[in-house]
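User: I am new to this structure. Please take me through a few of its features and say what each label rests on.

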Amino acid sequence: MKAYLLPGRLCSTADIRAIAAQSNEPYTLLYLKPDIEWVHYAQERMVQILQDTHAVMVYSDRFHKINGVVSQAPVIDYQMGALRDDFDFGAVLLIRTDAFRQAVAEMDTDYQFAGWYDLRLRLSRIGELVHINEFLYYEVEQDTRKSGEKLFDYVDPKNRTVQIEMEQCVTAHLKAVGGYLPPVFKDVNIHEGDFEYEASVVIPCKNRVRTIGDAIRSALSQKVNAPYKYNVIVVDDNSTDGTVDVIKSILAEGHDNLIYIAQDPTWHAIGGNWNAAFHHPLCGRFAIQLDSDDTYYDATTVQQMIDAFHTQNCAMVIGTYQLTDIDGNPLPPGIIDHKEWTPENGRNNALRINGLGAPRAFWTPLLRQLNFPTTKYGEDYAVGLRISREYQLGRIYNVLYNCRRWDDNSDANCDIEAMNRNNLYKDRIRTWELQARIQKA
């Protein structure tokens, strides 16, 4: 077994080919980072599992060392929907050399940044990538940012060239496994159904006493052109911190277009709150998202969403947002426009990225058929993938939304167990969706 150091997760096809040309042992050990310290007999354990499972690659849990402090850093199982190019395998990979060479021999595109991504997608088509849920080494972690600060790396404009290459890779992979969808979409009759309101702003909330008032007033301040009307539907999921008092105080001001739904004490989560809103008899033709700790950019957001549905004739519209702090001051990387999206290939690339953008708006008749999953994470992504399987998604590249980052965001500073749980669920969503697309194709 020989060991080689890759120059990080973003490496070239030439780097991969150079290692494959040198590797002449049965197994090839790749380091994605330097300064690895092994647990006793860990390498032997990896070889043993590789042999016993007949996998093409194994990877394991590890310990993190941050400023001399050691903590557990488990990873998650690989599955067919684990298509994120930032999937965390840890820093050590043991690959069967014959599979490694086979994958490299089949590489037909020279990438500057997507060499490793291309390799591991090709390996997954040859055989199984096995997670050893044992802590086998120590890794010095250099990126000590909070999870909420890392969250938007994949849409940072400075990484656009990287994203283009990653999209090429995942598209080729989807074609190889039979999950690629060509740009052929179902027609949408957006005039279907009888709706009193053209649009509804949907605000699900739980224990958001500090921000719910800002969200509601932002929604109520929207200006919509006649003959259209809109309303605001606030769904509270058993808040205990005074959120309900804020909602009721705004209701008492006499806003005719404000609807309050109080959930029963069973499990609802964000997805269940959405279901309650768009199944309400007064929900509008289009249901537009506003999170309970965010605000709209200005008073034109709802009208722009309505216009986009009518002009783009689509079942879902996604806007552009800017990152700010709780007081509205811009935060890096700034404006998130998801301009990597294309009408031709967006729904395929959507299986690679971790989110579709915001604010999101949905054609209510279709939502009432599909429903949101009753979960508090990934619910909107799941519905977006499902809709894009059959329908075109519209885009607005004007800033419509202030995504406010603060310490109480649900993803502001997740521990590794929470991050793994979230990532595992989104990978599962992608797996289910990919399975459905393979059957459809």
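**Pocket, contact and hairpin**

Analyst: The second largest pocket holds about 180 Å³ of space. The model is a predicted one.

User: Which elements give two or more residues to the lining of the second largest pocket?

Analyst: Helix H13 (379–388) and helix H14 (416–440) do. The lining includes Ala-382, Val-383, Leu-385 and Arg-386, and also Tyr-425, Ile-429, Trp-432 and Glu-433. By class, eight lining residues are nonpolar, one is polar and three are charged.

User: What makes Asn-371 in that lining count as polar?

Analyst: Asn-371 is one of the lining residues.

User: Why does Asn-354 count as buried?

Analyst: Its relative accessibility is 18%. Buried means under 20%, so Asn-354 falls in that class. Asn-354 lies in the loop between helix H11 (346–349) and strand E15 (360–363).

User: What makes the pair formed by the side chains of Asn-354 and Arg-430 a polar contact?

Analyst: The two side chains are in contact at 3.3 Å. The cut-off for a pair of N or O atoms is within 3.5 Å, and one must be able to donate a hydrogen and the other to accept it, so the pair counts as a polar contact.

User: How do you know that strands E13 and E14 pair?

Analyst: Strand E13 (residues 316–324) and strand E14 (residues 330–336) share three bridges in the antiparallel sense. At least two are needed, so the strands count as paired. Thr-324 stands opposite Pro-330 in E14.

User: What lies between E13 and E14 in the hairpin?

Analyst: Five residues do, and Gly-328 in the turn has a positive phi of about 90°.

Notes:
Residues are numbered from 1 along each chain as its sequence is written. This is a predicted model: local features need pLDDT of at least 70, side-chain atom pairs count only at pLDDT 80 or more; totals for chains, interfaces and linings use all residues. Side-chain values use heavy atoms; hydrogens and water are left out. Helices (H or I, at least four residues) and strands (E, at least two) are DSSP runs, numbered from the N terminus. On a 1 Å grid over the protein atoms alone, a cavity is a set of points where a 1.4 Å probe fits but cannot get out, and a pocket is an open set with protein on both sides within 12 Å along at least five of seven lines; lining residues have an atom within 4 Å of a point. Grid points are joined across faces, edges and corners, and a volume is the space filled by probe spheres set on the points. Ala, Val, Leu, Ile, Met, Phe, Trp, Tyr, Cys and Pro count as nonpolar, Asp, Glu, Lys and Arg as charged, and the others, Gly among them, as polar. Buried means under 20% relative accessible area, exposed over 50%, partly exposed in between (1.4 Å probe, protein chains only).
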